[in-house]
Amino acid sequence: MTFLSKLGTNFNYVISTLLFVIGLYTIITKPNLIKKFMGLNIMETSVFLAIVSIGAVRDGKAPIVESATKVQYVNPLPQALILTGIVVAVSTTALALSLMIKLYEQCGTLNADKLKEFE
Amino acid sequence: MNKKVQNYFVLIVMLLCWAVFLFAVAEMPLMGDPGNITNTHVVPRYLEKGVEEGGAPNIVTGIILNYRGYDTSGEVTVIFTALIGVLAVLKRENIKKDKSLVEISPVKTSVIVTTVVKFLTPLIILFAIYMILHGDVSPGGGFQGGAITGGSIIAFTLTFGLLATMRKFRLSIRIPLESSAVLAFIASGLVAMFFGLPFLTFLIPGFGFHTQELIRHALFIIIEIGIGVATGIIFASIFAAMGKVSKE
């Protein structure tokens, strides 16, 4: 198989790595803390996409067993793991945003470069 | 070096990173292949015996609540801890002293928005209840239903303001409900310990086959309801703590 056809089959991973790079770029270049955190959330999403894609099975059904007949199911394990991951991501986002609200009340800015002046 | 040049430099480095990633992606096992190593290791056992051992036709629910019950109890603790952290930083809202940005905004909420939200909120909560209760036989479950409930409460707060919403969800109701997930999990886990079994065992011997199944199902439903209610109320509480503005 050629390089490009492999990339075509692994299309989800291609998009996932692209999202990861976009998130990293946002974290490095944007001075605003909220935008930095948005970048972190994009990176989290990219990891979720990658891990859920690992469990994909071609023509697989959702892993809900209705009858005893043998059917090809999708891998349920990554889905369960990502469910955990999403909740943890929500929790970290809530905590970080509340810290930012407090920071803005104290310093009046969320610009990382200007925040260096506050000691 | 000024900012713009710096950003271009970062962009080039990132594109190089992506190129490296692409070579790694091309070497990964092909997506969708049933013979992949990720699909052949533990998963066949889950799919074959999941209904019998896990106790739910929805294998994902079986994994979350039974095979990886400790993981989920930790996760439930994580959202509870996040709420504690948010409240430690921001304090709870005080109905007498605080207002939300919706109430002090000079622009009034349009009639269309208020009508639609008023009409949809009960329906959304009904759907969330369906999702929580049917988590073990269809897609859904406690966390998903809880997130939908939280979303509908947040939408209500955004249109009618913090005051109107928090009068409906009083602190005296919310404080016990926020911890319901952790409590439901620990309570259902402790049931097995009274019979001399390890924590979080749901299949309790000494009863008939059908009674056993019934007890396991009841424990699952208790956990799902606990998780759903707690997730929804925790989201609402976090949003209320963030959305308040003290009245000067």
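Predicted model: local features only at pLDDT ≥ 70, side-chain atom pairs only at ≥ 80, totals over all residues.
Select Asp59(A) to start: it counts as exposed because 9 C-beta neighbours lie inside 10 Å.

Residues are numbered from 1 along each chain as its sequence is written, and chains are lettered from A and ligands numbered from 1 in the order in which they are written.

**Stop two: all of chain A**

Now colour chain A by secondary structure. You'll find 5 helices and 0 strands, in the order α-α-α-α-α along the sequence. The radius of gyration of chain A is 20 Å, well over the 14 Å that the globule rule gives for 119 residues, so the chain is more spread out than a compact globule. Of the 119 residues in chain A, 29% count as buried.

**Stop three: where the chains meet**

Show both chains together. How many residues of chain B are in contact with chain A? There are 45, and they touch 45 residues of chain A. (Two residues are in contact if their C-beta atoms, placed from the backbone, lie within 7 Å.) On the chain B side, the elements that give two or more residues are helix H1 (3–27), helix H2 (37–40), H3, H4, H5 and H11. H1(B) has the largest share, with 10 residues. Colour this side of chain B by residue type and you get 34 nonpolar, 8 polar and 3 charged. (Ala, Val, Leu, Ile, Met, Phe, Trp, Tyr, Cys and Pro count as nonpolar, Asp, Glu, Lys and Arg as charged, and the others, Gly among them, as polar.)

**Stop four: the core**

Next, select Ile63(B) and Ile238(B), the residues with the most contacts inside the largest nonpolar core, which has 57 residues. (Such a core is a set of buried Ala, Val, Leu, Ile, Met, Phe, Trp, Tyr and Cys residues joined through C-beta atoms within 7 Å.) Helix H4 (76–107) of chain A gives two or more residues to this core, and so do several chain B helices, including H5 (69–90) and H8 (142–168). H11(B) gives the most, with 15 residues. Zoom in on Ile238(B): leaving out residues up to four places away in sequence, it touches Ala94(A), Leu83(B) and Val86(B). Apart from this core lies another, of 5 residues, among them Val21(A), Leu24(A), Tyr25(A) and Met14(B).

**Stop five: two helices of chain B**

Select H4(B). Is this helix mostly covered or mostly open? It is mostly covered, with 9 of its 9 residues buried. Those buried residues pack against H4 of chain A together with H3, H5 and H11 of chain B.

Then pick H7(B). Its 23 residues, at 1.5 Å a residue, should span 33 Å, and its end C-alpha atoms are 34 Å apart, which agrees. (The expected span is 1.5 Å times one less than the number of residues.) H7(B) bends by about 30° at Leu120(B), with a proline, Pro122(B), following within four residues. (The bend is the angle between axes fitted to the seven residues ending there and the seven starting there.) Look for Ala128(B), Met131(B) and Ile132(B), which are buried; what covers the buried residues of H7(B) includes H8 and H11 of chain B.

**Last stop: exposed spots on chain B**

Click Lys91(B), in the loop between H5 and strand S1 (98–100) of chain B. Phi of Lys91(B) is near 70°, a positive value in a residue other than glycine, and Lys91(B) is exposed, with 12 other C-beta atoms within 10 Å.

Finish at Ile175(B), in helix H9 (residues 171–178) of chain B. Draw a line from its C-alpha atom to that of Ala230(B): these residues are 55 apart along the chain, and the atoms are separated by 9.8 Å.

Technical notes:
Buried ≥ 20, exposed ≤ 12 C-beta atoms within 10 Å, placed from the backbone. Rg over C-alpha atoms; globule rule 2.2 N^0.38 Å.
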